[in-house]
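Please keep the structure in view while reading.

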Amino acid sequence: MRGVASGKIHDIVIRGADVVDGTGAPRYTADVAIDGADVARIGDLAGVRGREEIDARGLIIAPGFIDAHTHDDRVMLSDGDMAPKVSQGVTTVIGGNCGISLAPMPPLKDGVPVPPLDLLDGSGRWYRYPRFRDYLDGLRAQPAATNCAMLVGHTNLRVIEMADIGRAATGSEIARMRAHVEEALEAGAIGVSTGLAYAPSAAASVEEVIEVCRPLSPRQGLYCTHMRDEGDTVMESLEESFQVGRALGVPVVISHHKVVGTANHGRSVETLARISEQMKRQAICLDCYPYNASSTILTHDLVDGASRVIVTWSRTLPQYTGRDLDEVARELGCGLHEAVDRLLPAGAIYFRMDDADVQRILQFDETMIGSDGLPHDEKPHPRLWGTFPRVLGHYVRGLGLFALEKAIHKMTGLTAARFGLADRGVLREGAPADLVLLDAGRVEDRATFAQPVAAAAGIHTVWTNGQAVWRDGRATGARPGQVLRRTPG
């Protein structure tokens, strides 16, 4: 009810902000009132008061950002302030990606999870939820500062149900994995993720993936995939991903889309053209992070294709965390491959992409923004703390890659629509008050590869479900997050 005044006292009134509503529409100036967990009114509210009033002249008010690709499954429980995310303006995270989820609980080997499940918890102590329902109940009982929507990981299911993960699953193994998917979706999972590039799932055939994911079809759940390859056979991996979606009749999410390896630099022209063409025939979307380096477990194959490698953690030689692998090898007096063997199990950052490809993928209309951050790395990739302000600062204000309104749409309304998060990702009356107040002229990432743990500049206040979770450069301690379900559109 814009422009209508009344004598009502609202919980919060944010005055004179430039509203960027998440739809991609041009900004406009208005007051925003919050009551409880919801946006009550937007417009000229000169005739009303708030118990709390904020002068937001010169600032942007936008929907809270939705991180389309995270590995926050454990950190929501172990460090629920979610400072790496709320400090960027993120109010909702999508977890359970790359085939890796905190539930159902996999068996441990020598007391620790099989890689890459150790990306969520190297100790194994947090793999304590036998069913997906138990995990979601844990999140509801102990909310975080952010909302979440969760996927169940195919890799977990293989490790649980297969004695030999080096082969395709049998019919009985597929049936048991499918039962886990049924349970997870019934409990509230929004879909299934795969990590076909990782050893525990690399032997899975496309037929196995389709049959394990059959329960997605009647619910229109999402199929989210870290594809089998993002290098030389990236086109074949795209086709395999499309095949799964077609067979099940469900939307496909291409996770952290990229092309890696010097020989493949520039091939985003080819991949995006193919994705765009196939979008006319089936539901497909993709996310991207704004860096030319990836991060995951340390492996020989990934080291061989990288121009630079930084160690993010090592269980056997923790003193080398944060160091370049070539320096580690020199100090150890050995070659790179032997250094990798001595560091394992470990994680690493890999420089394998080209900036022009990153920009081209970010600029693609249907690309959502996802951090793919790893919150439990000792020396994490800066994307954990810097993804969203980097888009707004470096790519919008610095390079002019697209308008602020379009950038925020990629972080909010587009993501909410593709993931089926009803009423999230938009700033409108009656919607949940997931909001970020920021300074568009100052917002920028401060996290670097050398110093990756650093809060962004220019983020004024962040609210999740009407409660401030970030203010004055720190987390407030409020934890009003909710577990969100998917509403297929």
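## The second largest pocket

Strand E12 (284-288) and helix H17 (413-419) each contribute at least two residues to the lining of the second largest pocket. Helices (H or I, at least four residues) and strands (E, at least two) are DSSP runs, numbered from the N terminus. A pocket is found on a 1 Å grid over the protein atoms alone, as an open set of points with protein on both sides within 12 Å along at least five of seven lines, and its lining residues have an atom within 4 Å of a point.

This is a predicted model, in which local features need pLDDT of at least 70 and side-chain atom pairs count only at pLDDT 80 or more, while totals for chains, interfaces and linings use all residues. Residues are numbered from 1 along each chain as its sequence is written, and side-chain values use heavy atoms, with hydrogens and water left out.

The volume of the second largest pocket is about 210 Å³; a volume is the space filled by probe spheres set on the grid points, which are joined across faces, edges and corners. Of its 13 lining residues, Pro251, Ala283, Ala417, Arg418 and Arg486 lie nearest the centre. The lining has eight nonpolar, two polar and three charged residues. Here Ala, Val, Leu, Ile, Met, Phe, Trp, Tyr, Cys and Pro count as nonpolar, Asp, Glu, Lys and Arg as charged, and the others, Gly among them, as polar.

## The largest pocket

The largest pocket holds about 660 Å³ of space. Its lining consists of 35 residues, and those nearest its centre are Ala197, Asp229, Asp301, Leu302 and Arg352. Helix H6 (199-202), strand E13 (293-297) and helix H11 (300-304) are the elements that give two or more residues to this lining. E13 provides the largest share, four residues. By class, the lining has 15 nonpolar, eleven polar and nine charged residues.

## The largest cavity

A cavity is a set of grid points where a 1.4 Å probe fits but cannot get out. There are three cavities of 30 Å³ or more, and the largest has about 60 Å³ of space. Residues lining the largest cavity include His256, Lys258, Cys288 and Asp357. Helix H14 (residues 355-363) gives the most to this lining, with three residues.

## The nonpolar core

The largest nonpolar core has 104 residues, and Phe65, Phe132 and Leu139 are among those with the most contacts inside it. Helix H15 (residues 383-398) supplies the largest share of this core, seven residues. Such a core is a set of buried Ala, Val, Leu, Ile, Met, Phe, Trp, Tyr and Cys residues joined through side-chain atoms within 4.5 Å, where buried means under 20% relative accessible area (1.4 Å probe, protein chains only).

Leaving aside neighbours within four places in sequence, Leu139 is in contact (heavy atoms within 4.5 Å) with Met76, Leu77, Cys148, Met150 and Val483.

Note on methods:
Buried means under 20% relative accessible area, exposed over 50%, partly exposed in between (1.4 Å probe, protein chains only).
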